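Good morning, colleagues. Please look at the structure as it is shown.

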Amino acid sequence: MSSEEKFNWCEYYNFADSFSGSDNPAELRSGISRFYYSAFCICRDYIIEHRLWSGDEELKQIMTSKSSKVHEKTSEIFYNNPYLNRQRRGKKIARLLSELRDKRNDADYKSEKYNVKHNYAFVRARTKKLFEEFKKL
């Protein structure tokens, strides 16, 4: 697949951002989820493109699969990889990604009402911060 054929994960961010004026909990929850996936997929693809699994075939298999383990492993690689941790950027990105995933899990699975508007604003700001750190890699 050429780079022209790849989906631009920033489009998820833009889609999520389109709900910024909404009071609709379904739109805000969807936005939270899309913010997370925009960040996660950019990070996952970076790992795949740079083959940052250090020769570990099992890790390569996870990173190139649809397994739920890929979320955890993406954060772990960013947290532990020395190439990504020049100036501790990988660790910052890993922490942000973990925070975003927690909020995405709440948005996707939590049935109880909660302050979704606050979480939407939090996730929006954290995703933007993650992208700023990512650009510095």
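How much accessible surface does the protein chain have, and what percentage of that surface belongs to carbon and sulfur atoms? The accessible surface comes to about 8,100 Å², and 47% of this belongs to carbon and sulfur atoms. Please bear in mind that we are looking at a predicted model.

Let us consider the overall fold. The protein chain contains 6 helices and 0 strands, and along the sequence its pattern reads α-α-α-α-α-α. Its radius of gyration is 15 Å, close to the 14 Å that the globule rule gives for 137 residues, so the chain is as compact as a globular protein of that length. Along the principal axes, the C-alpha trace spans about 45 × 30 × 30 Å. Of the 137 residues, 42% are buried. Among contacts with a separation of 6 or more, 66% are between residues 24 or more positions apart.

I now turn to one helix pair. Two packed helices are described by the angle between their axes and by the distance between those axes. Helix 2, residues 25–50, packs against helix 5, residues 89–109, at an angle of about 145°, and their axes lie 9 Å apart. The crossing of these two helices is left-handed. On the side of helix 2, the contacting residues include Ile-32, Tyr-36 and Phe-40; on the side of helix 5, they include Leu-97, Arg-101 and Asp-108. By class, this contact has 10 nonpolar, 1 polar and 6 charged residues.

Thank you for your attention.

Notes. Residues are numbered from 1 along each chain as its sequence is written. This is a predicted model: local features need pLDDT of at least 70, side-chain atom pairs count only at pLDDT 80 or more; totals for chains, interfaces and linings use all residues. Side-chain values use heavy atoms; hydrogens and water are left out. Axes are lines fitted to C-alpha atoms, for helices over the stretch in contact, and angles run from 0 to 180 degrees between N-to-C directions. Helices (H or I, at least four residues) and strands (E, at least two) are DSSP runs, numbered from the N terminus. A crossing is left-handed if the near helix is turned anticlockwise from the far one by less than a right angle, and right-handed if clockwise. Contact means heavy atoms within 4.5 Å. Ala, Val, Leu, Ile, Met, Phe, Trp, Tyr, Cys and Pro count as nonpolar, Asp, Glu, Lys and Arg as charged, and the others, Gly among them, as polar. The radius of gyration is taken over C-alpha atoms; the globule rule is 2.2 Å times the number of residues to the power 0.38. Buried means under 20% relative accessible area, exposed over 50%, partly exposed in between (1.4 Å probe, protein chains only). Accessible areas come from the Shrake-Rupley method with a 1.4 Å probe; for residues, only the protein chains shown count as cover.
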